[in-house]
Amino acid sequence: MSTDKTILTIIARGFQAAADEMARNLIRSAFSAVVREARDCSTALLDAEGRVIGQADMIPMQTAALNGSFRAAADTVDMTDIGPDDFILLNDPYSGGQHLNDIILFTPIFFDKKLIAWSGSTAHHLDIGGGTVGVNVAAIELIQEGIVIPPVRGNIHRDWNGGTIERMIFANIRTPDIGRGDMDAQFAANRIGAERVLDLVRRYGIDHVTEAMSEVLDYSERRMRAAIAEIPDGSWYGEAWIDSNGRDFDAGAVKICVNVTIKGDEAVLDFTGSAEQLPSMFNSPIASSIAAAVTAIRSILADTEMPANDGCNRPLTLIFPEGSVLNPRPGAAVRARGTSGCRALDAVHNALGQALPERTPAQGNNATTAFFLSHTQPGKTAAIHLDVLGGGWGAAKGYDAIHATDHVLSSCRITPAESIEQLHPHVRMESFGLVQNSMGAGQFNGGMGIFRRYRIQSDDVILSLYSDRFRLPPKGSEKGHDASRASLFVVRGDDVIQLDATSSMSLVAGDIVEIRLPGGGGWGDPALRDRAQVEADLVDGYITEEFALEHYGFRLGGSETTAA
C-alpha cells in the first residue's frame with residue numbers, strides 16, 4: 001500500500017517524539033546523578049528487524065551503533081517465541097555492547113499478538129563491579145573491569161523484581177540500590193516507547209505505521225547520499241594521537257589513522273594502519289568505533305537536519321582491522337573507549353579537512369574525562385562521585401567554539417556542585433569555572449576549558465580517573481593555534497602532587513584536588529581576528545593582556561605588534 005506523504009511524515013515525527021519522551025522519562029526517574037544530572041543515557045525505537053527508526057538527541061556513541069547491538073543479541077538469543085513481557089539485556093563489548101557500565105535493554109512491542117517493533121535504552125551505570133571502586137585504572141582485561149553480561153533473554157515477571165537475573169547482576173555491584181533504580185528507569189522508558197508506538201498504530205493503522213518505519217530509513221539514506229555527493233571525489237589520509245598507551249606514559253603517543261575515500265554518494269572509511277590494541281582500557285570495541293566513524297562524517301556534512309537513524313549508515317563502508325585499538329580481540333579492556341573513539345573522529349576530520357577546510361572544525365578537547373572520588377565505609381554502601389567532564393570545542397570558519405562542553409560523541413552535562421555535595425558529604429566543591437587562556441587562538445577562537453577544585457572531607461577517599469590531552473594539546477586548523485593541555489594535582493599541606501591522565505591515589509581529609517581541562521583549537525590566522533573581539537575577550541576575562549599580545553599582537557590602548 002502507499003500511504004499519503006503527510007501521514008508518513010506525521011508518523012515519522014511520532015517515532016522521534018516517542019524516543020525523546022523515553023529519554024526524558026529515563027532521566028527524570030533515574031537514581032544516579034550520572035544519569036539524572038549528567039544525562040549519560042540514550043533511547044531509541046527499532047523496527048521488528050532491529051533497525052533504529054528514531055533516536056533521542058542524547059549520546060551519539062550509544063545510539064549510532066545500536067542496531068549492531070541488536071544484531072549481536074539476535075545471533076545469540078533465540079527470539080522465535082519472544083513474548084510481550086520478555087526483555088533482552090547486555091553489556092558485553094564483544095557481543096554488541098560498548099563498555100561494561102553501559103547496560104543496554106531491548107523490550108519488544110506487540111500489536112494484536114504480532115511483534116512490530118522494539119524499544120531500546122542504554123544507561124551508564126555508576127558501578128558495575130570490577131577490581132576497584134570507581135574505575136580500575138590498572139585493568140588490562142575486560143573481566144577486571146566488572147561483571148560481563150552477554151545478551152540474555154529474560155521475563156520481567158520471572159527474572160526481574162527479585163528474580164534470578166536481577167539478583168545475579170546486583171550481587172556483583174557496589175551500589176545495588178542505585179543500579180536497580182536506574183535499571184527500572186530503563187524499563188519504564190522502554191514502556192513509554194511501546195505505548196507511543198501503539199498510539200500511532202491505533203490512530204493510523206498497523207500498515208501505515210509499518211510502511212513509515214521503512215520509509216524513514218529510506219528517507220535518511222537519500223539525504224545522507226545527497227550530502228556525501230556534495231563532497232569532491234577523492235581519497236584523503238588523516239591521523240590523530242592519544243597521549244600514551246594508558247600504562248607506560250613514556251612509551252610514546254598512540255596513532256589512530258584513516259583513509260577516507262569519497263566516490264559519488266558513498267564513502268569508505270578505512271582505519272587500517274591504526275595502532276594495535278593496547279594493554280590498557282583505552283581500546284574501543286567495534287560498536288563504539290562504528291558510532292564514532294558515523295558521527296565523524298555526519299557532523300561535517302552540510303545537511304544538519306537529516307533524521308538520525310540506521311538509514312544514515314547505508315552509504316558508508318567502515319573498515320576496522322581486527323586486533324587494532326579500534327577493534328580489539330575479545331577480552332581486552334575497553335572502559336576508556338570514548339577517547340579512542342574521539343581520536344577516530346579527529347582522524348576523519350583531519351582527512352576531510354583537506355577536502356572541506358571551511359566546514360571542518362579544529363580539534364576540541366575531545367576526550368572522555370571520567371573523574372571519581374569514592375568513599376567506602378565498613379558496613380555501608382560505597383559512595384561514588386563521578387564527574388563526566390568536558391572542555392572547549394574546536395573553532396571553525398565563521399564562529400568561535402562553545403566552552404565547557406562534553407565532546408560530540410558524548411554530550412553529557414556537567415553535574416551541578418549542589419547535587420554533588422548533597423549526595424556525597426566526603427566531597428566539597430571549592431571552586432569551578434573557565435580556565436583563562438585555555439582556548440586556541442585564531443581568527444575564530446576555540447572554546448574554553450574548565451577547572452574543578454574539590455576539598456576532601458573524609459579520610460580513605462580514592463581518587464581515580466582516565467582522561468587524555470595531558471601531553472598533546474587539541475590542535476588548531478588553518479593557521480589557528482593549539483589549545484592548552486590538561487592537568488591534575490593534589491595539594492596536601494605544603495606538597496603539590498602532580499598526577500597523570502590515568503591515575504589513582506588515596507586521599508585524606510583536607511586534601512585539595514584540582515583538575516584542569518583544555519579548550520579547543522583555533523581556526524584561521526589569529527592576526528585576522530577582529531580587534532573588537534580581542535578587546536571583548538580581554539574585558540570579559542577570557543584572556544590576559546599577555547595572551548592578547550603573544551597571539552594577536554594586541555594591547556589595550558596601545559600600538560599593535562605582529563603576533564607570533
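Which residues do ring pairs link into a cluster? Ring pairs join F87, W160, F170 and F187 in this way. The structure is a predicted model, in which local features need pLDDT of at least 70, side-chain atom pairs count only at pLDDT 80 or more, and totals for chains, interfaces and linings use all residues. Residues are numbered from 1 along each chain as its sequence is written, and side-chain values use heavy atoms, with hydrogens and water left out.

**Aromatic contacts**

Rings of Phe, Tyr and Trp (its six-membered ring) are paired if their centres lie within 6.5 Å; planes under 30 degrees apart count as stacked, over 60 as edge-to-face and the rest as tilted. By this rule there are 10 aromatic pairs. Two of them are listed below.

| Pair | Centre to centre | Angle between planes | Class |
|---|---|---|---|
| F70 and W118 | 5.1 Å | 65° | edge-to-face |
| F371 and Y454 | 4.9 Å | 15° | stacked |

F70 belongs to helix α4 (residues 66-76) and W118 to strand β5 (residues 114-124), so their pair ties together parts that are 48 residues apart in sequence. Helices (H or I, at least four residues) and strands (E, at least two) are DSSP runs, numbered from the N terminus. Buried here means under 20% relative accessible area, with a 1.4 Å probe and protein chains only. F70 counts as buried at 4% relative accessibility, and W118 counts as buried at 1%.

**Two open sheets**

Two strands pair if DSSP finds at least two bridges between them. Strand β16 (residues 487-492) runs antiparallel to β17 and is joined to it by five bridges. R492 stands opposite D495 in β17.

Another open sheet has four strands in the order β7-β8-β9-β10, with mixed pairing. Its edge strands, β7 (234-242) and β10, each pair on one side only. Nine bridges connect β7 and strand β8 (residues 254-263) in the antiparallel sense, and G238 stands opposite V258 in β8. Helix α9 packs on this sheet, touching β9 and β10, and its direction makes about 135° with that of β10. Helix α10 also packs on the sheet, touching β7, β8 and β9, at about 145° to the direction of β7. Contact means heavy atoms within 4.5 Å; axes are lines fitted to C-alpha atoms, for helices over the stretch in contact, and angles run from 0 to 180 degrees between N-to-C directions.

Of the 13 residues of α9, 10 are buried, so the helix is largely enclosed by the rest of the structure. Among the buried residues are A287, V294 and I297. Their cover includes α3 (60-63), α8 (206-229) and α10 (337-352). N313, in the loop between α9 and β10, is buried with a relative accessible area of 18%. Not counting residues up to four places away in sequence, N313 touches A64 and V294.

How values were computed: Buried means under 20% relative accessible area, exposed over 50%, partly exposed in between (1.4 Å probe, protein chains only).
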